[in-house]
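Biologist: Could you take a close look at one part of this model for me? I would like to start from a single residue and see how its surroundings are built.

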Amino acid sequence: MAESDAVGALLTLRRRATFAAGRGASLQPMNGGSEAVFQSSETADISADSGPKKNRERVQSKPKSEKKKRSSDISDGMSCHKKQESLLSSASGYNNYRGILNWCVVMLVLSNARLFLENLLRYGVLVDPIQIVSLFLNDPYSWPAACLVIVSNVFIVVALYTERQLSKGSFSELVGFLVHCINMAIMLTFPAAVVLLVPSVTPVGGAFVLGIYTILFLKLYSYKDVNMWCRELSTVKAKKLARSLSCPSAQYLNGGDRKVCYPGNLTIRDMYYFVFAPTLCYELNFPRSPKIRMSFLLRRLFEMLFFIQLLVGLTQQWMIPIIQSSMKPLEDMDLSRMTERLLRLAVPNHLLWLMFFYWFFHSSMNFTAELLRFGDRQFYKDWWNSETVTYFWQNWNIPVHKWCLRHFYKPLLRRGFSKIVSQSAVFFLSAFFHEYLVSVPLRMFRLWAFMGMMAQLPLAWFVGRFLHGNYGNAAVWMSLIIGQPFAVLMYVHDYYVLHYRQEAD
């Protein structure tokens with residue numbers, strides 16, 4: 001009986017153990033058989049009890065995380081602040097100031113409209129188109145300026161004849177060089193002597209004539225150099241010349257114009273095309289546009305006529321009264337009044353300079369280029385963004401910059417001169433021509449223009465060394481706005497003292 005009870009107990013324990021193993025419990029014997037069975041059964045019971053407990057904890061933890069996330073979303077939706085910089089701070093990266101630029105334009109228009117209305121109320125209407133004629137002619141039957149322009153053809157023909165003789169070998173290189181030097185020296189001295197000695201030549205007429213002769217001088221110098229380079233290359237039998245001196249195998253340009261090669265370029269037609277072309281640097285084959293655009297040509301013509309009338313009218317109505325009222329403070333050396341007159345003159349002078357720039361470098365030169373189908377229309381670059389004085393002088397007058405670079409600056413470098421010396425020489429040459437174009441027509445030599453140009457060297461060093469970005473750009477604008485009217489006042493004062501003061505005495 002006892003044995004049967006023991007067997008029944010063992011069977012019951014085995015069933016329990018089997019049930020526990022089926023639920024994932026592992027049997028590990030410890031000290032004995034029955035003890036192992038009891039141990040495994042207890043472990044199985046504990047694990048069986050802990051499984052649902054863990055699941056309940058997981059189920060309870062999920063709603064908590066979801067509640068936290070939901071609450072953070074709600075707080076973000078209610079928030080109206082985030083980390084950011086003010087728009088006018090440099091760290092914000094904001095650069096769209098179009099509205100402020102428009103505001104500046106509106107304020108400029110309103111302020112100048114007030115000045116113009118004040119000028120009308122004080123002086124009345126001073127614009128007189130008939131008076132403009134007297135600026136060019138003292139005697140209606142004597143036109144010395146026009147005669148000088150006609151005489152300039154003599155120097156053109158002499159340069160062409162000299163190059164033809166050099167191409168045929170009739171002149172040696174030394175003789176040709178001397179003839180060119182004499183021809184160009186007379187080009188600068190002859191019109192200056194006529195302007196100084198002939199009383200009927202007015203200051204405006206003299207400045208116009210000397211400007212024509214200066215342009216022609218630079219053109220013929222380039223003409224001489226390029227033809228000399230062609231002879232040098234043909235002497236060494238170069239197979240292919242540079243683009244500006246090229247004689248390619250192709251017979252026609254893109255526009256259908258026949259290409260030429262040296263010495264086929266030495267013709268009257270080629271020479272006068274270069275004389276009238278809006279460039280100072282000669283080439284055998286200029287880039288050509290395919291046709292003349294009449295609408296473009298008429299727009300440029302309208303701009304030329306409109307702006308020349310506007311320039312003359314504003315000069316008579318705005319500039320001349322300010323200059324006349326500045327004579328007394330200059331005579332008395334009243335520094336405060338002189339400064340006030342200088343600032344009053346700065347605004348109209350600068351606006352007239354900007355109008356002249358657009359009239360000459362955009363309207364007039366594009367008109368001439370379109371009429372001659374001249375393809376290279378880069379007469380200026382973005383000089384208004386200049387952050388250095390050097391960048392301004394390199395980009396506001398591209399034809400002159402190309403000439404200086406090609407025929408003066410680089411030759412000096414090839415001869416062993418340093419960059420500083422070469423740059424100084426370029427500014428010296430520019431200063432000479434500025435003084436030549438101002439002092440000779442006024443028949444007085446005060447060197448204000450010369451010193452103003454040479455002052456660009458230390459100014460360029462100072463701005464490039466200490467001012468950068470917007471500060472450098474502001475310094476360039478200040479030099480343009482203040483420097484020019486200062487030179488104008490100096491020349492006008494000296495001209496007034498030299499002529500009208502002596503007549504009054």
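Modeller: Happy to! Let's start at R373, which counts as buried because its relative accessibility is 16% (buried is under 20% relative accessible area, exposed over 50% and partly exposed in between, with a 1.4 Å probe and protein chains only). This is a predicted model, in which local features need pLDDT of at least 70 and side-chain atom pairs count only at pLDDT 80 or more, while totals for chains, interfaces and linings use all residues. Residues are numbered from 1 along each chain as its sequence is written, and side-chain values use heavy atoms, with hydrogens and water left out.

R373 belongs to the loop between helix 11 (335-372) and helix 12 (389-395) (helices, H or I with at least four residues, and strands, E with at least two, are DSSP runs numbered from the N terminus). Its backbone stands out too: R373 is not a glycine, yet its phi is positive, near 55 degrees. Most residues other than glycine have a negative phi, and most peptide bonds are trans.

You will meet a positive phi again around helix 14. R443 follows that helix, with a phi near 60 degrees. In the loop between helix 14 and helix 15 (448-454) sits L447, another residue other than glycine with a positive phi, this one near 65 degrees. L447 has 43% relative accessibility, so it counts as partly exposed.

Helix 14 itself covers residues 419-442, 24 residues in total, and spans 35 Å from its first C-alpha to its last, close to the 34 Å expected at 1.5 Å a residue (the expected span is 1.5 Å times one less than the number of residues). Its buried residues include V426, F427, A431, F433, Y436 and L442, and S422, E435 and S439 are also among them.

With neighbours within four places in sequence left aside, T214 is in contact with F433, Y436 and L437 (heavy atoms within 4.5 Å). T214 counts as buried because its relative accessibility is 8%.

I212 also lies in helix 7, but its 30% relative accessibility means that it counts as partly exposed. Look at V149 as well: in sequence I212 and V149 are 63 residues apart, while their C-alpha atoms are 7.4 Å apart in space.

Further along helix 7, L216, K219, L220 and Y223 meet D270, M271, F274 and V275 of helix 8. The axes of helix 7 (residues 203-235) and helix 8 (residues 268-276) come within 10 Å of each other and cross at roughly 135 degrees (axes are lines fitted to C-alpha atoms over the stretch in contact, and angles run from 0 to 180 degrees between N-to-C directions). In the loop joining helix 7 to helix 8 you will find P263; the peptide bond leading from Y262 to P263 is cis, with omega near 5 degrees.

Now for the wider setting. The protein has 17 helices and zero strands, and 34% of its 505 residues are buried. Among contacts with a separation of 6 or more, 73% join residues 24 or more positions apart.
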